[in-house]
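Subject: Structure for your review

Dear colleague,

Please find below the structure that I am handing over to you.

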Amino acid sequence: MENIPPGEKINQPQQFIGYWGYGSGRELEARLNIIKTLHTTSHQLLNLDSLSENNYPIWNVVYIAISQESILPINCPIHHSEGVAGISASGISTYLHSDSSFLPDVWVKLHRSDRLILGREPFGKVPLYWIQQEQVIWFASRLQLLLKVVENLEVNIPGLYGYSCFSYVPNPLTPVNQIFAVPAGEELVWQSQSESQKLSTPISQPLLQWRQAGVQIKDETTSVKELQTLLQQAVERQISDLKDEPVGVFLSGGLDSSVVAALLVQAGIKVIGYTLDFGNAGISESLYAEIVAQHLQIPLVKVDANPHQIQKALIPTVQALDLPFGDGVTVPLFLLGQRARQDTRVIFNGEGGDQLFAGWTNKPLIAAGIYESENLSIQENFIKQYLRTFHRLGGYEAQIYQPHIYDQIQNLHPEDWIAEALDPEYCTAVLHRLRRASLMLKGSQNIHPRATALGFVHGLFVRSPFCDLPLAEWTFQVSGELCLQGVCEKYILKRTVENLLPSEIVWRQKRGMGVPLTSWCLNEFWNQIGNWLNPGKLRLENRFSPHLAAQIAGGKLGATIQGRRIGEILWLLIIWQLWRVYVFGEEPGQESFDHPFWIPQKLWRFPKTWQA
């Protein structure tokens, strides 16, 4: 099997599925062929059934191109002498700083043929899933491929509960029983026992821990100089394979994406910017994107994200995401990728900047962290305070779930899913602790895997310069005062790039992408909510309260679910309903008319009558 050298580009994004273990080679290959025949572009890597004669496990891998535009041939991006499968979000290998090696973003390795290793890099750009059936491990980089392996599909209730708390399913859970995710920054290792032909319980091996450095850099001049070098090197690693073709940048007009665009232009790369246009609804960022594009002298493409386009792309987005991701930004990002694919095969983004440089969401927790340092007994409260930063349905369990689901989650505590990320053993300073948590939770389990999935479906390689290990590890050496200075977040990054961009871009207050979910749900999508979250369908599903949508739309579910939160929570539930039908394959159920969404929203004056 030929290795592709570091920096060499492959033709198109792809996924893989394979197996390893003790079983009938013919039966396993037949099951794999069923999956392969569902996709017109696939490439079987190897078939080593002959190894079973020596009591070694048998294995097989198939690469599959899953995108709206499939192009042959498929090359297999293997980057390690022991590797049997691996893919990269960027299309080039990743420098794994911890052991000075080059690896893809996810990898499958065999060690002496009797040990299986599944691994992921720490930013979580590409997911990796597995399931054990008797003495066979099935693994895949896409959940939908493994769904074909499971005989009796069932929703995983802890996974569903985690989704309702975070808007993503926390690792190692997935929303499907029996299927698990490999956590980012870990390897799972199975050992075969040749005499008994059985597999050991997998052992988890952390590859890297985000950890506060013992000596902190406090000098601003030193930090600026070092950060300038690190940013340039991070971009150089991401452009090593590019020649004269243009690349795209998802340009919101915020600091992070603007920095990426500026560094690419500085490096001599041809850049096209893409920004969203929500029309008169929401908070427009396109004006700031125009300022950046004019300053850098690059073309800027405005992508129409009106309600009609959003609704049209909703189901394709859910299918592309593979897992349910409940954030409202996903469909607009799908539209950006769809348009960018007309011009380029490589897209850059500014994802990861908030995690590295203490973005705006950390501010409310700083005071709590300072208070906690003076009163160690409130450690648990700090974890709960961080949990509330997700702003989802945690705390409303008794109101949103059917009684039998509520009974099943009584012994589940979402704090347990975030406790390790917030462990003060690794970071004693509050800001480093919050950044570690953001990297491990909101970054690796939500932001980065969904960005990759939405790029892959359009045949785009996705490159995130802030997901650079030397850069990320350096940020844990920087004193917190240089990241958050007074009310100014990302201070050291702003000081470093202030000569690259207009001051109104560098020093303006962070606002985030203003996706107008509440406006859409209470206006253009009003009638459609009666279909997506129909009481009759929810009754058949038998997981959520049937009249939940009317309660939320009327602002009656809880005091914290008002204003913009109404749209965010409705969207969270809409994505789940579409995921369970169009990805998981459940029956949608019959519609009923005991809801207010079939009448004009302006005429709805008595919402309580619909909750009887």
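Predicted model: local features only at pLDDT ≥ 70, side-chain atom pairs only at ≥ 80, totals over all residues.

The chain has 612 residues, of which 60% count as buried. Its secondary structure comprises 23 helices and 19 strands. Among contacts with a separation of 6 or more, 74% are made by residues 24 or more positions apart.

Paired strands

Strand S4 (residues 83–87) pairs with S7 in the antiparallel sense, over four bridges, and Ala85 has Val108 of S7 as its bridge partner. Strand S7 itself spans residues 106–111; five of its six residues are buried, so the strand is largely enclosed by the rest of the structure.

S7 also pairs with strand S8 (residues 115–120), again in the antiparallel sense, over six bridges. Here Val108 has Leu118 as its bridge partner in S8. Three residues lie between the strands of this hairpin, and Arg112 takes a positive phi near 55° in it.

From S8 the pairing passes to S12 through five bridges, in the antiparallel sense, with Leu188 of S12 as the bridge partner of Leu118. Strand S12 covers residues 186–193, and six of these eight residues are buried, so S12 too is largely enclosed by the rest of the structure.

S12 has two further antiparallel partners. Strand S14 (residues 203–206) is joined to S12 by four bridges, and Pro206 in S14 is the bridge partner of Glu186.

In soluble globular proteins, nonpolar side chains tend to be buried together. In this model the largest nonpolar core has 169 residues, and Ile17, Trp138 and Leu264 have the most contacts inside it. Helix H23 (residues 564–582) gives the largest share of this core, 11 residues. Beyond its neighbours within four places in sequence, Ile17 is in contact with a number of residues, including Leu32, Ile35, Val62, Trp138, Phe139 and Leu146. Another core, of 25 residues, lies apart from the largest one; among its members are Ala85, Leu110, Leu188 and Trp190.

Cavities

H14 provides the largest share, five residues. By class, the lining has 10 nonpolar, three polar and three charged residues.

A loop residue

Is Leu484 buried or exposed? Leu484 sits in the loop between helix H16 (480–483) and helix H17 (491–497). Its relative accessible area is 16%, under the 20% limit, so Leu484 counts as buried. Leu484 and Leu431 are 53 residues apart in sequence, and their C-alpha atoms are 8.3 Å apart in space.

Yours sincerely

Notes:
Residues numbered from 1 in each chain as written. Heavy atoms only, no water. Buried < 20%, exposed > 50% of the residue type's maximum accessible area, 1.4 Å probe, protein only. Helix = DSSP H or I, 4+ residues; strand = E, 2+ residues; numbered from the N terminus. Pairing = 2+ DSSP bridges. Nonpolar A, V, L, I, M, F, W, Y, C, P; charged D, E, K, R; others polar. Core = buried A, V, L, I, M, F, W, Y, C linked by side-chain atoms within 4.5 Å. Contact = heavy atoms within 4.5 Å.
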